[in-house]
Structures are given as C-alpha cells and as structure tokens.
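Hi there,

Here is the structure I promised to pass on to you. Have a look at it first, and then read on for my notes.

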Amino acid sequence: MTQYILRRLLLMIPVAFLVSVIVFTLLRITPGDPVLVFAGEERDPAALEAMRHEYGLDQPLPVQYVVWMEHALRGDLGRSLRTRQPVTQAILERLPKTLEFGGAALLISISVALVVGTLAALRRNSPLDLIATGFTIAGVSLPNFYLGIILILVFALALRVFPPGGYADFATEPMDNLKRLVLPAITLATASLAINLRQVRSSLLDVLSHEYLRTARAKGLGERAVVLRHALKNGLIPVVTIFGLQIGALLDGAIITETIFFWPGVGRLAVDSIGGRDYPVVQAIVLMSALAFMVSTLAVDVLYAWLDPRISYRRQAG
Amino acid sequence: MRSARYLLALIATLAVVLGACAGGQPSGGGPSASPVGAKPVYGGTLTFALENDVIDFDPLRSRAFVDRNLHYQIYDSLVRIDPTGKIIPWLAESWETSADGKQVTFKLRKDVKYHDGTVFDAASVKWNIDRYRTTQNSQRASDLAPVASVDVVDQYTARFNLKAPFAPLLATLVDRAGMMLSQKAIEAGGADFTRKPVGAGSGPFKFVEAVKDDHITIEKNPDWWGKDKDGNKLPYLDKIIVKPIVEGTVRTTNLRTGDAQVANNIVGKDVESIKSDPNLLYQQGPNYGFDSIFTNRKKGAAFEDGRYARAVSMAIDRKQITDQVFYGTRFPGYGTIAPSHFAADPSFKPFEKADPAGAKALIQQIGKPLQFEMLVTAGTALDLQIAQLIQAQLAKADIKMDIKTLEFAQILTLQDTCSYQGATLIGWSGRVDPDGNTYSHIYTGAPNNNSCYSNAQVDKLLDESRTTTDEAKRKAAFRAAEQIYVVDDPARVWYDFRSTQLATAKKVQGLVPYPDGLIRFDVGWLQK
C-alpha cells in the first residue's frame with residue numbers, strides 16, 4: 001500500500017509539469033494583452049512599453065517559460081503583474097479562507113446528503129423522498145450567483161439574521177467569522193448537495209435489493225445494523241468517488257460564491273487574475289488546483305481499498 | 001413554510017418596485033447632507049463599501065480609477081477642487097504664471113509634515129515631480145510631459161518650467177500627478193510600497209493596513225494641517241474601513257443592513273430602495289464622466305465614412321437609455337465636455353430628439369446601407385442591455401447592428417489597434433479639465449483615440465486650447481472643436497454624462513458629491 005501511494009505521488013510530478021506547460025501556453029495564446037488591461041484609462045504608449053519590458057512580456061514565449069520554471073523550482077512563483085504582490089504570499093494569505101469556506105460547504109453537503117439520502121432510500125416514495133427529489137432538481141438547476149443573491153436578500157436584508165457577506169478573522173472574532181460563513185457555505189454546498197443526495201439515495205436503493213441483506217436480516221440483525229453496517233458501507237463506494245471529485249470542483253464554485261459574498265479567498269483571486277490576464281497568479285492557482293485534484297483522487301482510491309476488501313493495490317504477479 | 005411565503009412576498013415586492021422604476025423618473029439631487037447648524041463631533045469609525053479593491057497605492061503606478069478613492073484620503077496634492085470643480089489652493093497656497101505662460105511658481109504651505117515625520121517643502125515637490133516624470137514605468141510621465149524641470153526657488157517656493165504654455169497644468173496637479181509623497185517612506189517601502197504606503201502621505205488619514213480583497217484601514221492623522229471653517233482641526237473621524245464589494249446589489253444591501261455607512265457607486269435600479277430607506281441618504285451631483293460608442297473610423301472599417309457615425313448618433317434615443325438602463329442616474333450626453341466643465345455650452349444638444357427618419361435619409365444619401373458589429377464585454381449585463389436597446393433603436397432607421405460578446409481583455413486589444421470591424425462601448429471616468437476628457441480621445445494618434453479618428457482642424461483647435469491660458473479663448477476653441485468631432489465629422493457617438501452618487505447612512509454628516517466622483521472624508525463626521 002505504501003509503495004502504491006509513493007508510486008502515485010511520484011507520478012504527480014510529470015502530470016504537474018504537463019499541466020504547467022499547458023496552462024502557460026493556453027494563457028499566452030488567449031487573445032488579450034495584460035498590459036492593456038492593467039493600463040485602465042492610462043494608455044501612454046511609452047509607459048505600456050516600459051511595463052511590458054518590466055514583466056518580461058517582450059521576451060519570446062519559450063524564454064518566458066524557462067525563466068518562470070527556473071524560479072518556480074526554487075519556490076518563487078513570481079509577483080502578480082497587477083498588484084506586485086508575491087504570488088506565493090497572495091495565495092497563502094487566501095488559502096485558509098477558501099479551505100474554511102470549502103470545508104464548511106463540503107461538510108454541509110456530505111452530512112446532509114448522507115442522512116437525508118439514506119432516509120429517502122429507506123422510505124422510498126414517501127413525502128420525504130419526494131421533497132428530497134424536488135430539492136435535488138432545484139439545487140442542480142439554481143445557479144450559484146442567483147441563489148447567493150436570494151439568500152442575501154432574505155436572510156441578510158429582510159430577516160437580518162446573517163451579515164450580507166464579508167470576512168472576519170476567526171482568531172480575533174470567532175462568532176462573527178462563523179456567522180459570515182453560513183450563507184456562502186450554504187450557497188456553495190447546494191449544487192453538490194443535490195448531486196450527492198441523489199447518489200446516496202440511488203446507490204443505497206441498489207444495495208438494498210441485494211440478497212445478502214436478506215441474509216443479514218434472516219440471521220436476526222436489527223434494521224439499524226443492517227442499514228448502517230451492511231448496506232451503507234457497500235452503498236458508499238460509488239458515493240466516495242463523487243465526493244472525492246467534488247473537493248477539486250469546489251474551487252469552481254468558490255470562484256462565483258466568493259465574489260458575491262466578497263469572501264477574500266482563492267476563488268475571487270482567480271476571477272480577477274483570469275480577467276486581468278495576470279499570468280503568474282493564474283498559473284499558480286491552476287497548478288495548485290491540479291495538485292488538489294490529484295491528491296483527492298488518490299485519497300479516494302485509498303479509501304476504496306478500505307471500504308471494499310476486494311480492491312487491492314498490490315502488484316499482480318506475472 | 002413561513003419563509004417560502006416570505007420569499008414570495010419579497011419577489012412580488014421586487015416586481016412592483018422594478019415596474020415602478022421602469023416608468024422612469026429621473027432623480028434630482030438629494031436633500032442637503034447636514035441639518036443647518038449641526039455641530040460636528042469628533043470620533044467614530046466609518047465603513048465605506050467600495051466598488052473594487054485598490055490595486056496600486058503608489059500614484060506613480062496607479063492606473064485604475066478605484067485607486068483614487070484611497071489616494072485622496074492619504075495624500076495631499078498641490079491643488080484641489082471644491083465641490084463645484086473650481087481649483088483651490090491646497091499644499092500650494094498660491095501660484096503665479098509668468099507672462100509667456102512657461103513658468104508657474106507655487107508658494108507652499110509651511111506647516112505640512114508627512115505621516116513619517118519628514119517635512120514637506122519645495123525640495124520635496126521637485127523630488128516628487130521628477131520621480132513622476134522620469135521613472136521608467138511611470139503612468140504620470142505623460143501627464144507631466146509639458147514640464148521641462150522644477151526649480152527650488154527657496155524652501156517653500158517651487159517653480160515649474162514648461163516646454164510650452166500648458167493650460168491644463170493645474171487641473172493635472174489636482175490628481176495623482178500632483179500628489180506629494182515622502183521620499184523616505186517610498187525608499188523604505190521598496191517593492192512592497194505599491195501595497196503598503198506606510199507613512200508616505202501628508203493627508204488627513206494615515207494608511208494602517210490593506211488585506212487584499214478584504215479590507216483597507218486608514219486612521220486619523222492627528223497632525224494634519226487642515227481646519228474646518230470654524231478653525232477646528234480636521235479630520236473628525238477616527239478611522240475608516242474600506243471594504244471592496246464588487247457586486248452592486250450587495251453594496252446596497254450592506255448599506256441597508258448598516259454593515260457599511262458610505263457607498264459612492266450605486267446601481268441605477270437600487271437608487272429607489274436607498275431613497276425610500278429612512279436610515280439612508282442619497283445625494284447625486286454632476287460628474288465629468290461620459291459614456292460613448294467607438295465607431296471605427298479607420299480605413300476599411302464600417303465607419304470610415306463619418307456620415308455613418310452621424311446617422312447612428314441621430315438614430316439613437318439617449319433619453320430612453322438613461323431612463324431605462326440607468327433610472328435617471330445618468331443624463332443624455334453629446335460629447336466630451338461635461339455640463340460642469342467651464343467650456344460647456346448648455347444649449348449644445350445636437351441630437352436631443354431621436355431622428356430615425358433623418359438617419360435613414362442620410363444613409364440613403366450615402367448610397368450603401370449600414371450594417372455593423374457591436375462588441376460587448378461578456379458578463380456585463382448592463383452593457384448588454386445598452387447594446388440591445390441601441391440595436392432596437394437603430395433598427396427603426398434600417399441600420400442593422402449585430403451584437404457579439406467577447407472577453408474584456410480581447411476587446412481592449414482590438415480597440416487599441418482599431419482592428420474591430422464596427423463599434424464597441426467605452427466609458428470614461430472624467431477629468432477636471434475638459435482637455436483631460438478630450439485631447440487623448442480625439443487628437444490624431446492619441447492613446448485613447450481608439451476610433452482612429454483624425455481631423456486636422458480639430459487637432460489645431462485642441463492644440464490651441466492647450467497653449468492659451470485665457471479661459472474665454474480656450475472655451476471658444478473647445479466649442480468649435482466639439483461641433484466638428486461630435487456633429488460635422490463625428491469621432492464617435494456619445495450618449496450620456498454620468499452623475500456622482502453618494503449614498504450614506506443618515507448619521508454620516510458633512511460629505512458632499514464632487515464632480516470627479518471621489519469622496520473627501522476630511523470633513524465627514526458621525527452623529528453620536
């Protein structure tokens with residue numbers, strides 16, 4: 001097992017390298033001149049040329065890549081073209097905020113999906129099941145930005161139970177931090193919750209029809225034990241795959257949600273940087289999220305082996 | 001269930017409000033900010049909801065308009081404008097222009113210190129202006145291009161030597177090119193100075209911290225030189241927290257919930273909800289900014305023949321745009337010179353009534369029907385709404401306009417090289433002197449002349465408006481030029497002038513709208 005994990009970790013190096021080349025190339029061939037975007041209303045050609053030179057944008061592409069790679073290998077991801085802030089600092093400063101926010105959303109999504117999905121599967125076609133199905137459809141169809149604004153209007157403006165966005169430091173104002181977390185976390189959780197709920201329900205329904213459960217019941221096990229110990233553990237295997245993929249996908253959702261709730265995380269940084277052609281920042285964020293995807297997929301594969309003893313990663317003989 | 005009913009009620013209310021607004025009632029200025037005789041009190045913290053995060057605190061590098069919202073609190077410039085746009089003394093107590101117009105001598109205040117304790121004097125003026133003029137990537141170099149050198153006459157007298165007379169010089173010094181910073185603080189700040197201008201200003205507020213996309217904190221400068229009209233020391237406020245909130249509706253919500261007390265960029269459709277809120281005050285004043293349509297006048301482009309641009313100008317209904325899209329927060333506009341500029345002519349309304357029939361006749365006269373493509377920035381609902389409205393208006397004159405959405409960065413590149421086929425939308429935040437609104441947009445080959453317009457007569461008039469300091473002569477030159485580049489041989493199509501909006505909690509006092517759209521917090525105070 002350890003060997004397997006090591007091998008997978010090693011494999012990440014060439015993948016990360018490929019990602020860096022692809023992102024670098026795609027960004028540079030996307031039409032749009034970063035210097036013009038930064039220039040705003042100030043278009044003095046001499047100043048623009050000086051900026052191009054300062055950022056090395058007047059160099060040929062391969063040279064730019066090599067320079068970037070050289071620095072990146074030494075742990076220096078450069079400075080933001082737009083704000084001159086070191087990229088590493090820009091990301092590290094925001095990462096905990098995005099992790100807190102994404103983690104909260106994931107927690108809501110998974111826990112609600114597990115509980116409600118299981119209940120819905122056990123009481124198929126009951127009112128609860130119907131409500132859960134209805135919610136699934138609504139949750140998948142409602143765009144993030146729309147749901148976010150509705151939540152702000154209802155809970156922040158009309159009912160005044162939560163603040164309309166913003167961030168407070170957990171270390172100094174823990175209660176305020178949590179209060180501000182609720183609406184964005186619900187917004188971000190909704191879409192994935194809908195998918196998870198559906199997945200939990202259908203894979204559990206599938207498992208529930210298997211014969212080994214009848215055997216379990218026949219040998220006198222209580223319903224609770226049948227569901228929790230036998231049905232759920234098997235039913236969860238496909239669900240874990242979906243959860244794992246969502247960890248990576250949360251960054252996508254964070255992009256919009258963070259902007260609406262002005263949560264100063266990586267998602268918001270990504271939006272500004274892509275629109276502004278802030279090459280070094282976009283490169284770093286994409287690389288980071290690619291790594292997050294790879295690590296979460298690996299974690300899912302490891303979890304598999306734990307959940308399903310039939311799966312083994314030992315090297316086959318021959 | 002209760003919340004579901006609540007939601008329905010909310011949606012119904014929204015629909016009613018939106019319906020009422022679509023009726024279109026242009027809003028005038030709000031009631032006066034401060035009850036007569038109210039005595040300012042010291043203290044308090046204010047939260048200011050800003051439309052975006054500040055990118056650059058260094059006036060030398062700053063490009064974005066939004067930056068200036070902070071610059072104006074932290075830094076003092078040599079001269080300033082009053083709420084009517086008149087240039088008034090600031091760090092410079094007085095100034096004198098030589099007879100040939102090539103030397104401007106400033107007498108400086110003697111009681112000014114930067115936040116880091118260093119003294120402001122003529123040597124500091126010279127150092128700052130030279131830094132702006134000669135630093136490699138200075139965004140201010142072109143603003144100060146007419147300046148040949150600065151002499152330190154004595155400790156508190158500085159003389160600007162100009163290459164040629166340059167009438168807009170004072171107006172230029174109101175903004176970033178005239179902001180004075182401490183040399184010591186800049187050198188100590190190094191590469192991080194653009195984000196942490198610690199101790200650099202001499203203004204009413206000192207920089208404390210800036211956390212990207214989260215907040216900026218500035219606090220009272222207790223040693224500021226400014227005094228109110230009764231001789232009390234300014235500023236009154238202890239602290240200002242600036243929160244960058246990009247989403248317009250969320251900015252308004254923050255005001256209404258009391259999470260912010262000041263905002264200066266309000267979405268048109270939200271204005272009614274602020275006006276009807278008993279805790280809020282909405283003020284609206286004139287502004288130098290305008291919005292326009294670049295019609296590509298380059299050879300081979302759709303508007304090579306300027307008469308097509310005039311036809312579009314005739315066919316569009318400006319009032320419909322300002323009413324339906326901006327809910328009366330902008331006003332029909334016809335050129336670069338805004339109503340509050342000295343060179344404005346209030347009777348200059350060349351396309352006041354939409355005239356699709358006239359446009360049709362003009363195009364028939366040219367002989368070939370007009371069809372062109374309008375590029376709109378993807379993801380900007382407001383721009384798309386404007387484009388669609390214009391599309392419908394032009395259809396009445398048999399002009400076919402196709403809308404194509406593209407990413408902002410792509411449109412910029414196409415604009416910069418005049419390589420778009422037909423038209424794009426372009427706004428301008430406005431400058432104190434009409435020259436700043438005009439020259440770089442209209443003059444042949446100028447950086448913001450992205451319709452590739454060229455008219456020798458206009459160029460001559462604009463040069464004239466720069467070299468003469470006589471206000472009446474300058475106005476005459478601007479009037480003659482505007483008639484040409486708007487009507488006779490249009491450079492592009494202008495459709496509105498902006499307004500300065502200022503929404504505050506009622507307990508915020510003393511703040512008034514300035515035509516450059518920037519708030520001066522030095523006189524603001526909070527009712528206890």
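In this predicted model, helix α8 (residues 306-315) of chain B and helix α10 (residues 356-366) of chain B have axes that come within 7 Å, and α8(B) passes α10(B) in a left-handed crossing. The crossing angle is roughly 165°. With angles over 145 degrees counted as roughly antiparallel, α8(B) and α10(B) are therefore roughly antiparallel to each other. If you want to find the contact on screen, look on the α8(B) side for B:R307, B:Y308, B:R310, B:A311, B:M314 and B:A315. Their partners in α10(B) are B:P356, B:G358, B:A359, B:L362, B:I363 and B:I366. By class, the residues of this contact between α8(B) and α10(B) are nine nonpolar, one polar and two charged.

Now over to chain A. Chain A has 12 helices and zero strands, and its C-alpha atoms fill a box of roughly 85 × 65 × 35 Å along the principal axes.

Where does α10(A) have a kink? You will find it at A:I237, shortly before the proline A:P238, and the kink is about 45°. After α10(A) comes A:F262, which has a positive phi near 35°.

α10(A) also has a helix partner. The axes of α9 (residues 211-218) of chain A and α10(A) come within 11 Å and cross at roughly 145°, and this crossing is right-handed. From α9(A), the contact uses A:Y212, A:L213, A:A216 and A:R217, while α10(A) brings A:V226, A:H230 and A:A231. Sorted by class, the residues of this contact of α9(A) with α10(A) are five nonpolar, one polar and one charged.

Finally, the two chains meet. In total, 44 residues of chain A are in contact with 43 residues of chain B. On the chain A side, α2 (34-39), α3 (45-54), α5 (87-122), α7 (144-158), α10 and α11 (266-275) each supply at least two residues. Which helix gives the largest share of that side? That is α7(A), with seven residues. The side of chain A that touches chain B has 24 nonpolar, eight polar and 12 charged residues.

Happy browsing, and do write back with any questions.

Best wishes

Technical notes:
Residues numbered from 1 in each chain as written. Chains lettered and ligands numbered in written order. Predicted model: local features only at pLDDT ≥ 70, side-chain atom pairs only at ≥ 80, totals over all residues. Bend = angle between axes of the 7 residues up to and from the residue. Helix = DSSP H or I, 4+ residues; strand = E, 2+ residues; numbered from the N terminus. Contact = placed C-beta atoms within 7 Å. Nonpolar A, V, L, I, M, F, W, Y, C, P; charged D, E, K, R; others polar. Axes fitted to C-alpha atoms, helices over the stretch in contact; angles between N-to-C directions. Parallel < 35°, antiparallel > 145°, perpendicular 65-115°, else oblique. Left-handed = near helix turned anticlockwise from the far one by under 90°.
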